[in-house]
Amino acid sequence: MKYWLFLAVVLIVAPAVHAQQKLLSYTPCNGDNYPTPPGTQKAAYQWFDDNRKSVNLGDSGRDQVHIGFSIDVEGNITKAKVFSPLTPEADREALRLIKNMPKWQWKKPLAPIQDCMVIIPVRLGTVQNARQ
């Protein structure tokens, strides 16, 4: 059974991820110099909570959209794309949040860096502080 599950992942999931990466022409972030959201990761998710609007999440039972984007050498977010769509309204809101985030910071700002890909979940579930 484990063999078939492994085979399914290799034959179905891996090519899909590779195709998405090729389509978006991203270079994955790796090594010891990588971008981070402004402040802490917790602060970034708090920023999402403080700035998101209420949207229709549909019937799937999910409340997050995975967004892939590139961080350029100056920390700007570029090439944002939806990796796991939810509803058109939720996808637009997740992209809006990502595109309006403050600049990201590189771990080693003076080291040679290149644009690289980041994929993060954007939670759009109902919260008390979501703006209408």
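Two strands pair if DSSP finds at least two bridges between them. Helices (H or I, at least four residues) and strands (E, at least two) are DSSP runs, numbered from the N terminus.

This is a predicted model, in which local features need pLDDT of at least 70, side-chain atom pairs count only at pLDDT 80 or more, and totals for chains, interfaces and linings use all residues. Residues are numbered from 1 along each chain as its sequence is written, and side-chain values use heavy atoms, leaving out hydrogens and water.

View 1. Follow the elements from the N terminus and you will read α-β-α-β-β-α-β-β. Of its 132 residues, 33% count as buried (under 20% relative accessible area; exposed is over 50%, partly exposed in between; 1.4 Å probe, protein chains only).

**View 2. Strands β2 and β3 form a hairpin.** Here β2 (residues 64-71) runs antiparallel to β3, and five bridges join the two. Look for Ile 71, whose bridge partner in β3 is Ile 77. Five residues lie between the strands, and Gly 75 in the turn has a positive phi of about 95°.

**View 3. Thr 87 sits in the loop between β3 (77-84) and α3 (88-99).** Thr 87 counts as buried because its relative accessibility is 13%. Leaving aside residues up to four places away in sequence, Thr 87 touches Asn 56, Leu 57 and Gly 58 (contact means heavy atoms within 4.5 Å). With Asn 56, the side chain of Thr 87 reaches the backbone oxygen at 2.8 Å.

Technical notes: Polar contact = N/O pair within 3.5 Å; in protein donor to acceptor, adjacent residues only side chain to side chain.
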